[in-house]
Amino acid sequence: MNSLAHFVKNSARFIRKRTFSYSDSPLKFIAAFSEYKMPGTLPSENAKLMAVNDVVIDPSGKFKYILCKVFDGEKPNESKFIVRGTSRAEFHSGIFDELKGQLEGTGVSAECLGGGKIEHDPSKKSINVFGVSQGYGKADHKKAVEILRKKYKDYTSVMCEE
């Protein structure tokens, strides 16, 4: 079942559990509906996922990176995307192996969605995302840039080459 079908099916079930009348304000419906969580979303109260940093990359230089999706083992519908990058790894798989080791015993698992390279120049306040991983394929660089921008808000240039 795709996400939209899942949303429609479960939102209808969610609404049927509530009692609404024609005299109710539309805000009552919206407030009740806003409690519904889409699958694959991150509720703010998920401490396991919140404990995983969104971005861990080298402070400067040109290096390999991976884009991953991390999941709560007890609540597999709850997930978030993260970026990891370092010059210490010879291959993208080395970065993923390091991440899996860090997550071991936390109840959080990870899936590597692809990789590429990052060029990070803090003196110019710029990050450039590009390239492809031979082992994992090309990451969604736009998604990686979206995540990087949240951490590096004061940077003037966080972009990707397609």
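A disulfide is a pair of cysteine sulfur atoms within 2.5 Å. A search of the whole structure finds zero of them. The model is predicted, so local features need pLDDT of at least 70, side-chain atom pairs count only at pLDDT 80 or more, and totals for chains, interfaces and linings use all residues. Residues are numbered from 1 along each chain as its sequence is written, and side-chain values use heavy atoms, leaving out hydrogens and water.

**Cysteines.** Cys68 has 0% relative accessibility and counts as buried; Cys160, at 21%, counts as partly exposed. Buried means under 20% relative accessible area, exposed over 50%, and partly exposed in between, with a 1.4 Å probe and protein chains only.

**The sheet.** Now show the strands (DSSP runs of E, at least two residues; helices are runs of H or I, at least four; both are numbered from the N terminus). Six strands form an open sheet with mixed pairing, in the order β1-β3-β2-β4-β5-β6. Two strands pair if DSSP finds at least two bridges between them. At the edges, β1 (55-56) and β6 (157-160) each pair on one side only. β5 and β6 run parallel and are joined by four bridges. Select Ile127 to find its bridge partner in β6, Val158.

**Helix α5.** Which strands does α5 touch as it packs on the sheet? They are β1, β2, β3, β4, β5 and β6, where contact means heavy atoms within 4.5 Å. Select the buried residues of α5: His141, Ala144, Val145, Ile147 and Leu148. Seen down the helix axis, they fall within an arc of 165 degrees (taken from the directions from the axis to the C-beta atoms), so they line one face of α5. On the other side, Lys142 and Lys150 are exposed.

**The core.** A nonpolar core is a set of buried Ala, Val, Leu, Ile, Met, Phe, Trp, Tyr and Cys residues joined through side-chain atoms within 4.5 Å. The largest one has 17 residues; Ile57, Tyr65, Val83, Ile118, Ile127 and Leu148 have the most contacts inside it. Two or more residues come from each of β2 (61-72), β5 (126-130) and α5 (141-151), and α5 gives the largest share, four residues. Finish on Ile57. Not counting residues up to four places away in sequence, its contacts include Phe63, Val83, Ile118, Ile127 and Leu148.

How values were computed: Axes fitted to C-alpha atoms, helices over the stretch in contact; angles between N-to-C directions.
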